[in-house]
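Please look over the model shown here before reading on. The paragraphs that follow go through its sheets, domains, core and symmetry.

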Protein chains: 2
Amino acid sequence: MSQTSLVQAQRLQDFVQALFVHAGMDEAAAQSVARALVWADLRGIDTHGVSRVAFYMNFISKGVIKVQPQWRVLHDTPAVQVFDADACAGAVAMDRAVEQAAIKARGVGLGLVMVRGTTHTGALGCFTQALARQGMVGVALAASIPLMAYHGAKAAGVSTAPLSIAVPGPDDEPMILDMASGAMSMGQLRAAKQSGSPLPAGLALSEQGDPTTDPQQASIVLPMAGPKGSGLALMFELLCSLVVGNSIIADFFSDKPAARKHRQNAWVLAVDIARFGDLAHYRLEVARTVAVLAGLPMSRPGEPIRMPGDRGLHCHAQRLREGIPLTHALRKELAGCARPETLALPW
Amino acid sequence: MSQTSLVQAQRLQDFVQALFVHAGMDEAAAQSVARALVWADLRGIDTHGVSRVAFYMNFISKGVIKVQPQWRVLHDTPAVQVFDADACAGAVAMDRAVEQAAIKARGVGLGLVMVRGTTHTGALGCFTQALARQGMVGVALAASIPLMAYHGAKAAGVSTAPLSIAVPGPDDEPMILDMASGAMSMGQLRAAKQSGSPLPAGLALSEQGDPTTDPQQASIVLPMAGPKGSGLALMFELLCSLVVGNSIIADFFSDKPAARKHRQNAWVLAVDIARFGDLAHYRLEVARTVAVLAGLPMSRPGEPIRMPGDRGLHCHAQRLREGIPLTHALRKELAGCARPETLALPW
């Protein structure tokens, strides 16, 4: 096992930001990306943290992610904006979507931004949290290339369809649901491959599409709750991709030259709570709801009942205090990214 | 087993409509309710069909459902309407929400109606389908009293949180995802109790909150995919109920006099596709996406890969042709409802 170092979050974020500036991004764009990645690390979503830096750099070098994208607003109404993200880094597009959705919501109570043609949007909770911090309901969903089996099929047909919903909570701390519609996450699959422990039945298929509990054989994730998980994933494609005329699934299986090129489309929706009631009262009602659920009899004595995002929040507090654990392999990977001569490693 | 009769859908709908008029509803309201119930029967969702008539009549007699509600628009913006449904029958409120959401969406591309204080909203696909038929994306969700275990708890804490998403499909036939966030539906549980066949593990708890596979012991449904299912259900409460100041879960566990009174809150969202692209092209892209997914290698040879709503659509065609099967018990129940002397039974 590789040795792990703890790196202070802000130092790590500054370092990653400098890497992306070096790769050609503007300061603001690089900050969006670095902040979103370190946010995921802080929340314990390591698969969407700085472990993605090298993956993004690879995309940049291939032109899959554009460091100097040309925004284009395609449609704009008092409630909706559709913009073409021109293959920018996902966090850049999502930060912009959050900003625009909030503006619309402050205007007419509701805002939807449809993001066309962005790249890996990362951990969506980062963006819904930003809306919740402004007193809004934030909803984000994304469509991507097939990674998950469609129910009844032996092959990947749909994306794992991430969905996040966040609302303002008590103590100024948003409550964030951040989920995908797979029976397990790719991160959990990777962890099982490392540990070698067999998977519960019904979570994954082999590359040949046969059910397997052998983590080394497992390749395609199954949808959560069968047709519900893959149905949601299909619907996210029909909402996020098809409304803006940027099919991913249909193209993926076509012989178009860019068929399998990495790309994503996303929705960011905001509802301005204060427009329809009292925000302070809303927070109190969230607290009251949480209190009754957390006070239900526990299934397993000693295992407290958790609210969405509880683990992430706890992890965030701990890692902010103690630092973000980076394995030797990950440090090596980050140290291997092209960087300005004057930029020191943050560990 | 009770003998089943096939009853022609329109005759059944007219009969049920007349029952609700007799119970005090206006023609239009009674039609909304009768249409929604028969829609569910046609689609094969028997638990949300005319088997609910007696249940609704009971609610009417207790004043839980008001037959002459006083609408009240609480908030109105170019994109959002919040209205108090004054405990009307759910389908009446939902039909109105569909109408208003569509008006908003035609205006600014997007419409959200937040329905406060309605009653059993029934099969949500009925309402999202109505939006899809108008060329829109339709999304509906509802919050209700606790019926499903919250993940980690031995007791019901959240509702089964229905969600429906519909989009215009090829051949003018909307594609409808209509799901709840439980590991099984109450209807499936009832069927298992009748057949006596053991449940797969992980679907239900006994009244005491212990895991069980005995259908007679099973009482509380578990959430699909554990924390995801109950997290979604909690979020639906925080969205549908708390934004309009009508907590259900928190009140349910309180000592308020009306704490456990049946009520629901709902969201209906519409996006006008033609505003952001070409609707005919959209339909073609849906067809292209469906074609690639349906063409994937099947998990089980001979079991075709289905799209959301496929079974319902097939059932609809068959039952429209052959009639809706009503058991002897259900016919007796319907015949037992108070009705005008001149109203003949439809079988």
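How many bridges join strand 5 (residues 136–143) of chain A to strand 8 (residues 163–167) of chain A, and do these strands run parallel or antiparallel? There are 4 bridges, and the two strands run antiparallel. Strands here are DSSP runs of E of at least two residues, numbered from the N terminus, and two strands pair if DSSP finds at least two bridges between them. Within this pair, Gly138(A) has Ala166(A) in strand 8 as its bridge partner.

This is a predicted model: local features need pLDDT of at least 70, and side-chain atom pairs count only at pLDDT 80 or more, while totals for chains, interfaces and linings use all residues. Residues are numbered from 1 along each chain as its sequence is written, and chains are lettered from A and ligands numbered from 1 in the order in which they are written.

In chain A, 7 strands make up an open sheet with mixed pairing, in the order 2-3-4-13-5-8-9. Its edges are strand 2 (72–76) and strand 9 (175–179) of chain A, each pairing on one side only. Neighbouring strands of this sheet are turned by 10° against each other on average, direction ignored; the axes behind such angles are lines fitted to C-alpha atoms, and angles run from 0 to 180 degrees between N-to-C directions.

In chain B, strand 3 (residues 80–84) and strand 4 (residues 110–118) run parallel and are joined by 5 bridges. Val80(B) stands opposite Leu112(B) of strand 4.

An automatic or database domain assignment divides chain A into domain 1 (4–182 + 223–286 + 308–335) and domain 2 (183–222). Contacts (C-beta atoms, placed from the backbone, within 7 Å) link 14 residues of domain 1 of chain A with 10 residues of domain 2 of chain A.

The largest nonpolar core has 248 residues, of which Ala101(A), Val268(A), Ala101(B) and Val268(B) touch the most other members. Both domains of chain A give residues to this core, so it lies between them. Such a core is a set of buried Ala, Val, Leu, Ile, Met, Phe, Trp, Tyr and Cys residues joined through C-beta atoms within 7 Å; buried means that 20 or more other C-beta atoms lie within 10 Å of a residue's own. Leaving out residues up to four places away in sequence, Val268(B) touches residues including Met94(B), Ala101(B) and Phe127(B).

Chain B can be laid on chain A by a turn of 180° and a shift of 0.0 Å along the axis, with an RMSD of 0.0 Å. That is the relation of a two-fold axis. The superposition is by least squares on C-alpha atoms of residues with pLDDT of at least 70 in both copies. Of the interface residues of chain B, 98% are also interface residues in chain A, so the copies meet through the same surface.

How values were computed:
Contact = placed C-beta atoms within 7 Å. Buried ≥ 20, exposed ≤ 12 C-beta atoms within 10 Å, placed from the backbone.
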